[in-house]
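The structure is shown first.

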Amino acid sequence: MAKMHLELRVNKKEVEALAEPRLLLIHLLREQLGITGPHIGCDTSHCGACTVDMNGKSVKSCTVFAVQAQGADIITIEGLVDGDGSLHPLQEAFREHHGLQCGFCTPGMITRAYRLLQENPNPSETEIRHGIAGNLCRCTGYLTIVRAIRAAAERMNGAGEAAE
Amino acid sequence: MTSEIESSQARTQKLEGLGTRRKRVEDIRFTQGKGNYVDDLKFPGMLFGGFVRSPYGHARVKSINKEAAIKLPGVKAVLTAEDLKPLKLHWMPTLAGDVQAVLADEKVLFQGQEVAFVVAEDRYIAADAVDLIEVDYEELPALVDPTRSMAGDAPVLRDDLKDKTSGAHGPRKHHNHVFTWEVGDAAGTARALAQAAVVAKEQIVYQRVHPCPLETCGCVASMNKVDGHLTLWGTFQAPHAVRTVASLISGIPEHKIRIVSPDIGGGFGNKVGVYPGYICAIVASIVLGVPVKWVEDRMENLQATAFARDYHMTGEIAASPDGRITGLRCHVLADHGAFDACADPTKYPAGFFSICTGSYDIPVAHVTVDGVYTNKAPGGVAYRCSFRVTEASYFIERMIDVLARKLAIDPAEIRRRNLIRKEQFPYRSALGWEYDSGDYVTALDKSLAAVDYASLRDEQRRNREAFARGETRRLMGIGVSFFTEIVGAGPIKNCDILGLGMFDSCEIRVHPTGSAIARLGTVSQGQGHATTFAQILASEIGIPAENITIEEGDTVTAPYGLGTYGSRSTPVAGAATAMAGRKIRAKAQMIAAYLLEVHDDDLEWDVDRFRVKGVPEMSKTMTELAFAAYNNVPPGMEPGLEAVSYYDPPNMTYPFGAYVCVVDIDIDTGVTEIRRFYALDDCGTRINPMIIEGQVHGGLTEALAIAMGQEMDYDEYGNLKNASLLDFFLPTAVETPSWETDYTTTPSPHHPIGAKGVGESPNVGGVSAFSNAVNDAFAHLGLTHTAMPHDHWRVWKTAQSLGLAAG
């Protein structure tokens, strides 16, 4: 099958790739670009383990063709770590509040939460629960994830106020 | 004391040992997307495998045409049973003493069964090739309902067994019969039932469900043709057992096989077994000489690997008029699917189902289990429970509620009257188990007080009155469950899998500068072993947990162990860790005595050092002793500071707990809201409370899924109708309530640190609490039992059947 030439931005870096039209974005990321943080859990866009941020929206990269990402700006869990190696408040809060166990849903969950907190910087518990309803976790029972996201929001809001 | 030595308390805190809410070391990489799961592995030249699977529940395979597939560019091989026959690998032994087709041999026996294995350059080409393979089937009548398995006219499912009158677990009485297992006093129980003032009888079905971890099963097989070594990376909950099985099946000597479990994305029992994908990947790698990866997709996972439960239980419970249980009888019809691939200890074809007398002092009991074949997937795994313990707990916890209704005694009160008393431990149950320790009444009372049970019942009474007056269309239900688990399999004298005793192990090396590495025979799948086992060791040998690396899952480096399932890691490998730590400490003590020029007996252990009794300033820290072990040991002593322990537990452990669930049901829609769920767990000594709470939350959420929505829904032809996450219920954050956790602590008397294990308790106790709550909501209307799962449709149907439909 003829391959298409793609240019996109992944985790703040310009990348080029050749992709068959049927190649899924998750496979481009995982197998061609070596970005294995996002996982495949269901193939049907229900579990959210493959969630990445594309042009400012959470997408399930198992249900997006790589060619649809032509010119896109993509952020994965790997891209949430700062250049100096410091972690995003969400990454720290998930550890602090035991918001993960096996870790398989975690990259998608944190990436979704990253976008949620930009859509709604101060979400209530109910808003968080609805905001992550597209991401399944089989280990934690969500309570600690909700707490982690809430704590990260508070920290980010506090930091914002302190900077003003 | 004003010496420069820090207080014991300050030094204890630095260790982050037992009882500390230590943050998990695993999370640093997981939160950055730097986990290393099997599908993350990539090797030069690696190929991808994919299966052609049966669309039918039962059919004869007339022919397989693989010509078009083989011609497809990028396809390297297509394997069928015919290709595996010369290697005698077209069938494989199961953990339960049966055999299972690796690739369909003349017949397919369940939808999704493996028929051919394609190997190609990438997964897209493999999928194309799967589509190009033409299989000609002759459809046969499917047998889906286990109650029909042993009918006279039931079709023969297993041609390979049809004339065999006995199997791995004794006589077979029908061509679709697997085994009969019996335990207890048949005559005594019959007498108790005949003489009882009251007997309650109920049919209780625990539906077929699936563990469905977020990561599916998979592996990469790599045969090095130069040196004859096979390496197999995969989602294995028991890598050493896989190595032994792989050696026995393939004929490759065991020392030339290396099994590695990388990070595992949840197991819950799904990843204990050996699946055809592993065998096919190995064969393909041997044939092609390059690494071959196989990772199932979600539909394959739900269709083919490891269902759980499917127990059809008939119970009779006898009691005096005041609710004292005098006898219990249970017959189970166990649907094992097309091959008996249960993961149970060899001598227990129905697992530890005989824990079904639960937490109650029942004088006599009798259990029989008949396993049967059907045209469904094999499995029967312990889905987040010890072997068949969830089924047993659900059975007794529903039966005691049914009895309570019959006697008009409150469900909490009837439990209290029958709970085994603290002074009865160690307690020998009617079905032969020796419960190690418990304080059940305290746990029940604490839980009832915590939820203000009396007020809840008052509120329910008012709710029912208001409902009767037509003022509300919601009914309130209160579910109580009290469970006893049996975990930590197990003593070699009665527990083995394929002849391998179910001990576990830990090997410790203390480095000269006072840090250490410990390796275990278990495998974490999210339980946080790298965090908690370091805590056990920190308390035992006085080295801070942060200076102890825990490694698992690589058979080249880890000592032999039976793996992680059945809540056995803390009871067995955790015990081995403590015992190996004590060997380290004993040697360190001798070195300390030598350095301090005193007798061993003149020393006492003080958190992280040995000190001379009465002269506390004379001491040697573990860091000092570690270095001395490498350069200044007593004459005649070997240098170094290492130890290994292979721990054969003297008994199982028996965690227990009391759960209360409150639901509000909208009877016009069947929507059931979990208003409150309170869980009190007693898992003995608590190693890391944060991780314990996390395990309880997770187990309760899986219990919620099972009780309120999960069912593997087969139609009469053997089609699995809900083999994707669109239809198979996994709760989201929206349906999942905020859990309340609590605890009591009753240490296990036989475990070195008194720990009992906790990961599975919430699933075992949780399912019945949810189900009891739903049943309780309708109890005043005469309902005694309605089957799980209590999804909206079924709850609405129940309301309809009770005449509550909207006018």
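The model is predicted.

- Helix H12 of chain B covers residues 440–451, and its end C-alpha atoms are 17 Å apart. At 1.5 Å a residue, its 12 residues should span 16 Å, so the two values agree.
- The buried residues of H12(B) are B:Tyr440, B:Ala443, B:Leu444, B:Ser447, B:Leu448 and B:Val451. These residues lie on the same side of H12(B), because they cover an arc of only 125 degrees around the axis.
- The cover over the buried residues of H12(B) includes helices H11 (411–418) and H13 (453–468) of chain B. Strands E23 (474–484), E33 (656–666) and E34 (672–682) of chain B are also included.

**Nonpolar core**

- The largest nonpolar core has 310 residues. B:Leu79, B:Leu103, B:Val118, B:Cys661 and B:Phe770 have the most contacts inside it.
- Leaving aside residues up to four places away in sequence, B:Cys661 touches B:Gly479, B:Ile674, B:Phe677, B:Ala769, B:Phe770 and B:Ala773.

**Domains of chain B**

- The domain assignment gives domain 1 (8–35 + 504–647), domain 2 (38–140 + 216–264 + 272–304) and domain 3 (307–489 + 652–801).
- The C-alpha centres of domain 2 and domain 3 of chain B lie 37 Å apart. Their contact takes 19 residues from domain 2 and 22 residues from domain 3.
- On the side of domain 2 that touches domain 3, helix H9 (residues 298–304) of chain B gives the most, with 5 residues. The residues of that side divide into 9 nonpolar, 8 polar and 2 charged.

Key: Residues are numbered from 1 along each chain as its sequence is written. Chains are lettered from A and ligands numbered from 1 in the order in which they are written. This is a predicted model: local features need pLDDT of at least 70, side-chain atom pairs count only at pLDDT 80 or more; totals for chains, interfaces and linings use all residues. A nonpolar core is a set of buried Ala, Val, Leu, Ile, Met, Phe, Trp, Tyr and Cys residues joined through C-beta atoms within 7 Å. A residue is buried if 20 or more other C-beta atoms lie within 10 Å of its own, exposed if 12 or fewer, and partly exposed in between; C-beta atoms are placed from the backbone. Two residues are in contact if their C-beta atoms, placed from the backbone, lie within 7 Å. Helices (H or I, at least four residues) and strands (E, at least two) are DSSP runs, numbered from the N terminus. The expected span of a helix is 1.5 Å times one less than its number of residues. The arc is that of the directions from the helix axis to the C-beta atoms. Domain bounds come from an automatic or database domain assignment. Ala, Val, Leu, Ile, Met, Phe, Trp, Tyr, Cys and Pro count as nonpolar, Asp, Glu, Lys and Arg as charged, and the others, Gly among them, as polar.
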